[in-house]
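Okay, everyone, here's the one I wanted to show you today.

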Amino acid sequence: MSTLVVGGAGYIGAHVVRLLADRGDDVLVVDDLSTGVGHRVGAAGLVELDIAAPDAQERLELVLREREIDSVIHFAAKKQVGESVERPVWYYRQNVGGLVNLLGAMESTGVTRMIFSSSAAVYGQPDVDIVTEGVTPQPINPYGETKLVGEWLMADCARSWGLRWSALRYFNVAGSGWPELGDPAVLNLVPMVFDRLADGRRPAIFGDDYPTPDGTCIRDYIHVLDLAHAHLAALDGLDGEPGENVFNVGTGTGASVREVIDTIGEVSGLDVTADIEPRRPGDPPRLVASPDRIRDHLGWKAGHGLSDIVRSAWEAWQAGPRRI
Ligand SMILES: NC(=O)c1ccc[n+]([C@@H]2O[C@H](COP(=O)([O-])OP(=O)(O)OC[C@H]3O[C@@H](n4cnc5c(N)ncnc54)[C@H](O)[C@@H]3O)[C@@H](O)[C@H]2O)c1
């Protein structure tokens with residue numbers, strides 16, 4: 001197996017690169033290092049390339065041919081919701097344009113296997129307790145739209161030239177599989193709490209008057225190592241009979257913002273008394289995945305719970321430059 005991991009120098013991609021390399025697959029990374037870090041790819045080769053650039057398709061064709069790639073796992077995207085609202089054209093150019101270049105290169109070189117990073121953001125604000133893949137996607141920001149458009153495009157390529165694909169709709173990713181591969185961005189709850197604590201500030205809770213048991217938002221937290229294993233299951237699943245293409249990746253269990261912050265307090269031994277700040281627009285009260293489809297079709301199931309997630313994220317944070 002020769003697999004190209006596009007965006008493999010990023011947080012999630014680097015975990016998948018390591019698992020693939022550990023099981024003996026031939027792995028190559030393409031990344032422009034816009035948010036990724038070169039040394040995270042380990043022994044896998046790295047081709048620095050912006051997949052959204054005008055000459056990207058040609059350059060990707062060369063890589064696919066020369067390295068005899070047979071599968072692609074595609075992580076490379078911009079992922080900040082607020083930024084996507086401010087810069088929709090750029091988000092479409094990066095996330096959709098980059099995918100167009102990649103699929104164009106795959107089509108012209110005959111590479112037909114693809115795993116795609118999608119997101120729970122495709123669902124928007126679904127009014128259900130448990131989100132199955134049957135819930136109609138209704139993204140509420142350009143970021144979520146670019147992921148849904150990506151899924152549509154791959155379905156079209158499957159009909160047109162036989163692309164075999166799976167899209168994994170990740171819920172809330174956190175933790176680290178190895179301390180040196182922690183999440184370097186401060187965009188999600190766990191690193192945001194660490195970041196505030198490192199500055200000697202209190203963690204923030206955005207709204208404590210939601211219709212949930214403790215008034216704070218509930219999310220489905222998935223350990224990045226479990227998520228990485230889901231990619232290997234999806235990749236191997238492409239060899240089977242064509243079936244479902246879209247899979248939630250979550251645990252089926254929700255945790256509230258307050259529960260996560262309390263767990264951080266238990267793991268770190270720090271005072272995590274939080275400040276209550278106003279709600280953020282577009283935050284649904286509850287977003288929890290049904291993980292049944294991926295279990296039934298790909299045999300994948302999350303193995304780690306919230307305390308494992310927080311403990312591993314804490315170890316990674318403490319191994320980094322802003323140790324508390
Ligand atoms: N982290 C999450 O909570 C989360 C949740 C849902 C979905 N996702 C999706 O998972 C994927 C990976 O996310 P992540 O958290 O690892 O993010 P990340 O920013 O750490 O990784 C993205 C990688 O892609 C690279 N990249 C970005 N644009 C590129 C371009 N034009 N050309 C080449 N390389 C490019 C970056 O340098 C980086 O290494 C993204 O597609 C993201 O939308 C992430």
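So, helix α1, residues 11–22, and helix α7, residues 224–237: their axes come within 9 Å and cross at roughly 60 degrees. Axes here are lines fitted to C-alpha atoms over the stretch in contact, with angles from 0 to 180 degrees between N-to-C directions. Helices are DSSP runs of H or I, at least four residues, and strands are E runs of at least two, numbered from the N terminus.

This is a predicted model, so local features need pLDDT of at least 70 and side-chain atom pairs 80 or more, while totals for chains, interfaces and linings use all residues. Numbering starts from 1 along each chain as its sequence is written.

Which residues in α1 meet α7? Tyr11, Ile12, His15, Val16 and Leu19 do, and on the α7 side they meet Val224, Leu225, Leu227, Ala228, His229, His231 and Leu232. Contact means C-beta atoms, placed from the backbone, within 7 Å.

Zooming out, the protein chain has ten helices and 14 strands. Its radius of gyration, over C-alpha atoms, is 19 Å, close to the 20 Å from the globule rule (2.2 Å times the number of residues to the power 0.38) for 324 residues, so the chain is as compact as a globular protein of that length. The C-alpha trace spans about 55 × 40 × 40 Å along its principal axes.

Last one: of the contacts with a separation of 6 or more, 78% join residues 24 or more positions apart.

How values were computed. Two residues are in contact if their C-beta atoms, placed from the backbone, lie within 7 Å.
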